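Here is a short tour for anyone meeting this structure for the first time. Have a look at the sequence and the model, then read on.

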Amino acid sequence: MTNHEAAAHTPRINFAKAAPKAFKALIGFDAAARQGLDPALVELVQIRSSQLNGCAYCLHMHTTDARKAGESEERLHMVAVWQEAANFFTAQEQAALALTEAVTLVSRGGVPDDVYARAAAVFDEAELAGLLALIFTINTWNRIALSTAKVPGTDERAA
């Protein structure tokens, strides 16, 4: 391993220990966001956001969780190209993935009305609010993992 590789994988601050109240609040927000949402959909959203944010730590964690929940390898491989592989995903999943992309990449043009309307057409108000909260939380988790140099392939939830 080169010095650059070692530096890239050296963990930084342990956010959970250094900011336990903020960390616990985020765990609670995350748990609340998931309520009422299909667990398979939750993982797809978290995978797509993690791909867009370049968060290998979270991507590994959520693809592993998706597999454990019964998600197929075929669909997992198609998440990054879901628009071209729309036949692999339900209308609801497609709407959630589109909204995930818009919210995750919000600085590139906001959340377009058509993307929001597509999601609002297939989710009731409570589900849509939960989906938005889920997207907010995975983006926060991605930023924590990237900022603190979490090592992909490790899962500190069990620690």
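## Helix α4

Helices here are DSSP runs (H or I, at least four residues), numbered from the N terminus. A word on the source: this is a predicted model, where local features need pLDDT of at least 70 and side-chain atom pairs count only at pLDDT 80 or more, while totals for chains, interfaces and linings use all residues. Residues are numbered from 1 along each chain as its sequence is written, and side-chain values use heavy atoms, with hydrogens and water left out.

How many of the 15 residues of α4 are buried? The count is 11, so α4 is largely enclosed by the rest of the structure. Buried means under 20% relative accessible area, exposed means over 50%, and partly exposed is in between (1.4 Å probe, protein chains only). Among the buried ones are Leu41, Val42, Glu43, Gln46, Ile47 and Ser50. Their cover includes α3, α5 (56-68), α6 (73-78), α7 (91-104) and α9. After α4 comes glycine 54, with a positive phi near 70 degrees.

## Histidine 62

Helix α5 holds histidine 62, which is buried at a relative accessible area of 5%. Leaving aside residues up to four places away in sequence, histidine 62 touches Arg34, Glu43, Gln46, Ile47, Ser50 and Ile138. Touching, or contact, means heavy atoms within 4.5 Å.

## Salt bridges

The structure has five salt bridges, each a side-chain nitrogen of Lys or Arg within 4 Å of a carboxyl oxygen of Asp or Glu. One of them joins the side chains of arginine 34 and aspartate 30, at 2.5 Å from N to O. Both residues sit in helix α3, four residues apart, or about one turn of the helix. Arginine 34 is partly exposed at 29%, while aspartate 30 is buried at 7%.

Glutamate 71 and arginine 75 make another salt bridge, with their closest N and O atoms 2.6 Å apart. Arginine 75 also meets glutamate 93, at 2.9 Å from N to O. Arginine 75 counts as buried at 15% relative accessibility, and so does glutamate 93 at 8%. Shared partners join Glu71, Arg75 and Glu93 into one network.

## Aromatic rings

A pair of aromatic rings is described by the distance of the centres and the angle of the planes. Rings of Phe, Tyr and Trp (its six-membered ring) pair if their centres lie within 6.5 Å; planes under 30 degrees apart count as stacked, over 60 as edge-to-face and the rest as tilted. The whole structure has two such pairs. Phenylalanine 15 and phenylalanine 23 are edge-to-face, 6.3 Å centre to centre with 65 degrees between the planes. Phenylalanine 23 and tryptophan 141 are edge-to-face too, at 5.4 Å and 75 degrees.

Phenylalanine 23 lies in helix α3 (residues 20-34) and tryptophan 141 in helix α9, so their pair ties together parts 118 residues apart in sequence. Phenylalanine 23 is partly exposed at 24%, whereas tryptophan 141 is buried at 17%. Ring pairs link Phe15, Phe23 and Trp141 into a cluster.

Technical notes
Helix = DSSP H or I, 4+ residues; strand = E, 2+ residues; numbered from the N terminus.
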